[in-house]
Amino acid sequence: MTIIVLGIDLAKSVFALHGAGQSGKPELVRPRVGREQLLELVASLPPCLIGMEACSGAHHWARQFQALGHTVRLMAPKFVAPYRLSGRRGKNDAADAAAICEAVQRPNMRFVPIKSEQQQSVLCLHRTRQGFVTERTATYNRIRGLISEFGIVLPLKVERLRVQIRAHLDQLPPWALRCVTDLLEHATELERRIEEYDHILKQMAREDGQARALMRLPGIGPATASALVASVGNGHDFSNGRQVAAWLGLVPGQYSSGGKTRLGRITKAGDAYLRSLLLMGARAILSGLGEKQDRFSRWARSMVERRGYWKAAVAIAAKNARLAWAVLHYGDQFRLKADPVE
């Protein structure tokens with residue numbers, strides 16, 4: 001039995017495998033493999049190409065299989081689905097494994113970069129911090145909803161809400177006062193934790209050479225820099241910066257036919273968190289333009305005049321994504337073009 005391509009449908013406890021030989025015919029079909037037996041089974045195979053969907057645990061298994069000498073490729077599930085011969089009506093683990101085995105062999109397939117444990121650890125920090133931010137927003141919204149039931153309507157800004165709500169606490173019934181007080185304390189604790197995570201991310205960015213290089217770009221701070229390094233790595237999985245911008249969903253979708261080119265809104269594909277960080281950095285650039293006359297500021301100002309504020313923000317975010325790839329890919333060889341000396 002000579003396996004050259006192996007598709008694995010990942011799960012929590014039971015995995016499905018589909019291996020193909022040189023002729024493309026199935027040589028190994030195992031619809032049920034326990035978690036404890038998976039690594040042993042893969043280790044018994046000669047080095048081959050292994051395809052998996054990029055889902056929970058995929059990066060862990062990819063590192064394990066690479067250590068055994070296999071070549072591993074991860075794919076987004078939406079790119080695997082068209083290769084399922086039975087379509088949506090016949091979805092099962094065995095059909096998924098066969099589709100993965102077929103999809104990983106396509107020459108134009110787009111793959112997901114395999115992350116190291118360090119990269120995943122940094123992204124854990126980002127995901128946890130973002131969860132605290134979302135929970136804090138929900139807590140303040142819950143406070144507004146509760147006090148509005150008693151005729152108290154306060155400003156949307158969190159700082160003003162926390163200052164002004166103290167003057168209205170005596171208007172609340174006892175149990176409502178207890179609820180609002182507990183929610184305010186919970187929000188305070190969340191803000192403390194967010195500040196701790198911000199400090200950790202800043203410290204990590206200062207200690208990482210790639211992150212320090214990224215922070216020299218306009219609109220990229222410690223959080224964005226560390227997230228880019230953890231997600232993109234050295235940028236070797238992308239041929240150019242435009243691919244990174246497309247991967248982050250910062251390029252317009254095409255609806256072209258009959259020789260007519262039609263560009264729509266940005267695709268918003270890929271990592272929404274990274275895209276939001278780049279857009280927030282772009283908005284910070286626009287708010288701080290003032291009368292700056294450097295090359296980047298002149299371009300940003302002209303973009304606002306020609307295309308409007310929001311399209312300019314997206315354009316700046318896409319430009320920063322391309323520049324970030326160049327910084328990560330070329331390292332010390334990359335230098336921003338300086339303004340001419342007058």
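The lining of the largest pocket in this predicted model divides into 12 nonpolar, 5 polar and 6 charged residues. In total, 23 residues line this pocket. Val 112, Pro 113, Trp 247, Gly 270 and Asp 271 lie nearest its centre. The space in the largest pocket comes to about 850 Å³. Three helices each supply at least two residues of the lining: helix 3 (77-80), helix 5 and helix 10 (241-247). Helix 5 gives the most, with 4 residues.

The second largest pocket holds about 510 Å³ of space. Its lining consists of 17 residues. Pro 252, Ile 266, Lys 311, Val 314 and Ala 315 are the ones nearest the centre of this second pocket. By class, the lining has 12 nonpolar, 1 polar and 4 charged residues. Strand 7 (263-266), helix 12 (295-307) and helix 13 (309-330) each contribute at least two residues. The largest contribution to the second largest pocket is from helix 13, with 6 residues.

Helix 13 also packs against helix 11. The axes of helix 11 (residues 272-287) and helix 13 come within 8 Å. They cross at roughly 115 degrees, and the crossing is right-handed. On the helix 11 side, the contact involves Leu 278, Leu 279, Ala 282, Arg 283, Ile 285 and Leu 286. These meet Tyr 309, Trp 310, Ala 312, Ala 313, Val 314, Ile 316, Ala 317, Asn 320 and Ala 321 of helix 13. The contact of helix 11 with helix 13 comprises 13 nonpolar, 1 polar and 1 charged residues.

The axes of helix 9 and helix 11 are 10 Å apart, and the packing angle is about 145 degrees. This crossing is left-handed. Helix 9 contributes Ala 223, Thr 224, Ala 227, Leu 228 and Ser 231. Helix 11 contributes Tyr 273, Leu 274, Leu 277 and Leu 278. The classes here are 7 nonpolar, 2 polar and no charged residues.

From helix 5, the contact draws on Gln 119, Val 122, Leu 123 and His 126. From helix 9, the residues are Ala 223, Ser 226, Ala 227, Val 229, Ala 230 and Ser 231. The contact of helix 5 with helix 9 has 6 nonpolar, 4 polar and no charged residues.

Methods: Residues numbered from 1 in each chain as written. Predicted model: local features only at pLDDT ≥ 70, side-chain atom pairs only at ≥ 80, totals over all residues. Heavy atoms only, no water. Contact = heavy atoms within 4.5 Å. Nonpolar A, V, L, I, M, F, W, Y, C, P; charged D, E, K, R; others polar. 1 Å grid on protein atoms, 1.4 Å probe; cavity = no way out; pocket = protein on both sides within 12 Å on 5 of 7 lines; lining within 4 Å. Points joined across faces, edges and corners; volume = space filled by probe spheres on them. Axes fitted to C-alpha atoms, helices over the stretch in contact; angles between N-to-C directions. Left-handed = near helix turned anticlockwise from the far one by under 90°.
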